[in-house]
Amino acid sequence: MSGVAESRAPSSGALPEPFDGYGGAPSAWREFWESFSANRGALLGLAVVGAFALVALLAPWLAPYDPSAVHEGAFKLPPAWQEGGSMAHVLGTDDVGRDLLSRLIHGARISMGVGFMVVAFSMTTGVAIGLTAGYAGGWIDAAIMRMTDVMMSLPSILLAIVVVTILGQDLSNAIVAVGVVVVPNFVRLVRASVLAEKGKPYVVASRSFGAGHFRQAVVNILPNCLAPVIVQATLGFSDGILNVAALGFLGLGAKPPTAEWGTMLSDGRAYIESASWLVTFPGLCILAVVLAFNLLGDGLRDALDPRLKR
Amino acid sequence: MLAFLVRRLFVVIPTLVGVSLVAFALIRLVPGDPVLLLIGERGASPEVYEQMKAAYGLDKSLPTQYGLFMRSAVAGDLGQSIHSGRGVLEEFADRFPATLELGFVALFFAVLFGLPMGIVAAVKRNSVFDYAFMSVSLVGYSMPIFWWGLILILFFSVQLGWTPVSGRIGIVYDVPAWSGFLLVDVWKAGEGWAGFWSAVRHLLLPATALGTIPLAAIARMTRSSMLEVLGEDYMRTARAKGVSRAGVIVVHGLRNALVPVVTVIGLLAGHIVTGAVLTETIFSWPGIGRWLVASVAARDYPVVQGGILLIASAVILINTMVDLAYAWANPKMRLQS
């Protein structure tokens, strides 16, 4: 980061202006937004994420029907534009006559919620553990790092399957299982940043003023380690949504009547030849959300962390 | 280099012990009694139940059970499957080649397409190719492979009828296991091109599904690594010396750009194992992924703890080899960590 400071110094040989706070320089937020909004992919990602979030919030008002309502005589109705489809069920109906569009809209609610909870769980746990490891150092650090090594060498989906089997099949247990599996990512990230910050002059200065360990770790160091955490949290959303959907697909996620995309996909699999829309649309939704979060995460990384800029 | 190797070993061994502890502990936390599952809730007298429990060593205390597990594991014995009665190692060896074959072909597919895509995208930066290939790899990177597998089946198997839906080879072929790799064994069994082609057709879709995310990762890594190398001074020097543009890119550029790419390929091994669980489920592929999922459901303790230990060891082994290769290629790495 010292390179940035040097490049700001006037090259003409005149004395640098006295430091006057941040008055002259663009605010951090503005600088971030200019860099972020120049990236069209990131803006697209943000727009799609925003759209899905809106759909999730307004699901009960947007959905034409109740997601669990069974429409008699409308089993496996194809989408409106196919032969035999009707405008009453734009994306068709499933094998027991539930409106697919309504189920997908309510599914957005579940998937966005799942992503949020996976990230909230793994981020808070991972940041706390990573901060402890990086700040404490010594044998505590070594022990924590070995534990993350162990977790990262176990195939993630297998670990999640075992955790769900222990806790019982349920959406909330699937969230915990997937959250546990991604904790090591946050631990390593935070630890690495803490190690980089620990020796910096501001930390040493603060210690000389008598700052305690808690103040050093949480108030001084942590805020300076957050940029990569924000990026990882965004990417964690896509990981979380994807893995919980995968568990749903394996029959270990949300229980059947719930309109969860992975579970819907698993149910629709039996009708792949006769009613392919039951497979196509839930998968497209998963792909769109995951892609959008990945785009957003890439854009955030480029904007927040100039060192990683490609 | 030797010092680096020794340091790495000091990390690998505790990790392996940790993996064995986790594998041992996790499966015992799963509710359900394996002996009861085996003999059924009714129909077993308490004496038979106790006898069965003792036969599998499940009547001993947990530390003793772990000690026994580790002692025989070090000697190469991972116990017997409660379900089939066969040795865990034996069952693993039966299925591992199927997963390995699928993984190899998937990785081959990923490199075959991902590498050229990345190179072209970097060389023709900001061209139509660059945007197209990078969009493809971005979509590929976000792909839910359990859905992608189904879409491939829907299109190529159901609508076009080009490829079979599941299994490793047509049922008309009787191929005794020799190496475990069907692409090899068909020749030994004298099935010739017809058998080989059948095995290839069975591999096409699962390998594509499993290889998609690695393909995307390789294409992205190749592009960024190539872009970095293209800006180096030695590239310009080589051009100035009169080497052709293509020659510079292949000889001077690619060779140096490939170091991080090879690392990424090595690290994708772990991903392949994870992806195999889903891919094998979709395509009814008789590999270790499906076997382990079924064993968790059946509470087959020895299989799950042994299988997890074996898979994790394989992943750790591959990652360590990648680290060593990287340290060998890049002396800076040896001094760090």
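Me: In what order do the elements of chain A run from the N terminus?
Reply: The elements of chain A go α-α-α-α-α-α-α-α-α-α-α-α-α from the N terminus on. That is 13 helices and zero strands. Helices (H or I, at least four residues) and strands (E, at least two) are DSSP runs, numbered from the N terminus.

Me: Anything to know about the model and the numbering?
Reply: The model is predicted, so local features need pLDDT of at least 70 and side-chain atom pairs count only at pLDDT 80 or more, while totals for chains, interfaces and linings use all residues. Residues are numbered from 1 along each chain as its sequence is written, chains are lettered from A and ligands numbered from 1 in the order in which they are written, and side-chain values use heavy atoms, with hydrogens and water left out.

Me: How much of chain A is buried?
Reply: Of the 310 residues in chain A, 48% are buried, where buried means under 20% relative accessible area, exposed over 50%, and partly exposed in between (1.4 Å probe, protein chains only).

Me: Is Ser193(A) buried or exposed, and why?
Reply: Ser193(A) counts as buried because its relative accessibility is 15%. Ser193(A) sits in helix H8 (residues 171-198) of chain A. Leaving aside residues up to four places away in sequence, Ser193(A) touches Cys225(A) and Pro228(A); contact means heavy atoms within 4.5 Å.

Me: Now the two chains. How many residues are in contact?
Reply: Chain B puts 39 residues in contact with 36 residues of chain A. The area buried between them is about 3,500 Å², and carbon and sulfur atoms give 81% of that. Buried area is the accessible area (1.4 Å probe) that two parts lose on being put together, summed over both.

Me: Which three residues of chain B supply more of that area than any other three?
Reply: Phe146(B), Trp147(B) and Leu150(B), with 18% of the area that chain B buries against chain A.

Me: How many salt bridges between chain B and chain A?
Reply: One. The side chains of Asp298(A) and Arg220(B) form a salt bridge at 3.0 Å, N to O. The rule asks for a side-chain nitrogen of Lys or Arg within 4 Å of a carboxyl oxygen of Asp or Glu.

Me: Which element gives the largest share of the chain B side?
Reply: H1(B), with eight residues of the side that touches chain A. By class, that side of chain B has 31 nonpolar, six polar and two charged residues. Ala, Val, Leu, Ile, Met, Phe, Trp, Tyr, Cys and Pro count as nonpolar, Asp, Glu, Lys and Arg as charged, and the others, Gly among them, as polar.

Me: Switching topic: what domains does chain B have?
Reply: The assignment gives domain 1 (2-74) and domain 2 (96-336), with bounds from an automatic or database domain assignment. The contact takes 20 residues from domain 1 of chain B and 17 residues from domain 2 of chain B. Their C-alpha centres lie 33 Å apart.

Me: What area is buried between domain 1 and domain 2 of chain B?
Reply: About 1,800 Å², of which carbon and sulfur atoms give 75%. On the domain 1 side, Phe4(B), Arg8(B) and Ile27(B) lose the most area to domain 2, together 30% of what that side buries.

Me: And how many salt bridges across that interface?
Reply: The rule finds zero salt bridges between domain 1 and domain 2 of chain B.

Me: Which element gives the largest share of the domain 1 side?
Reply: H1(B), which gives 13 residues of the side that touches domain 2 of chain B.
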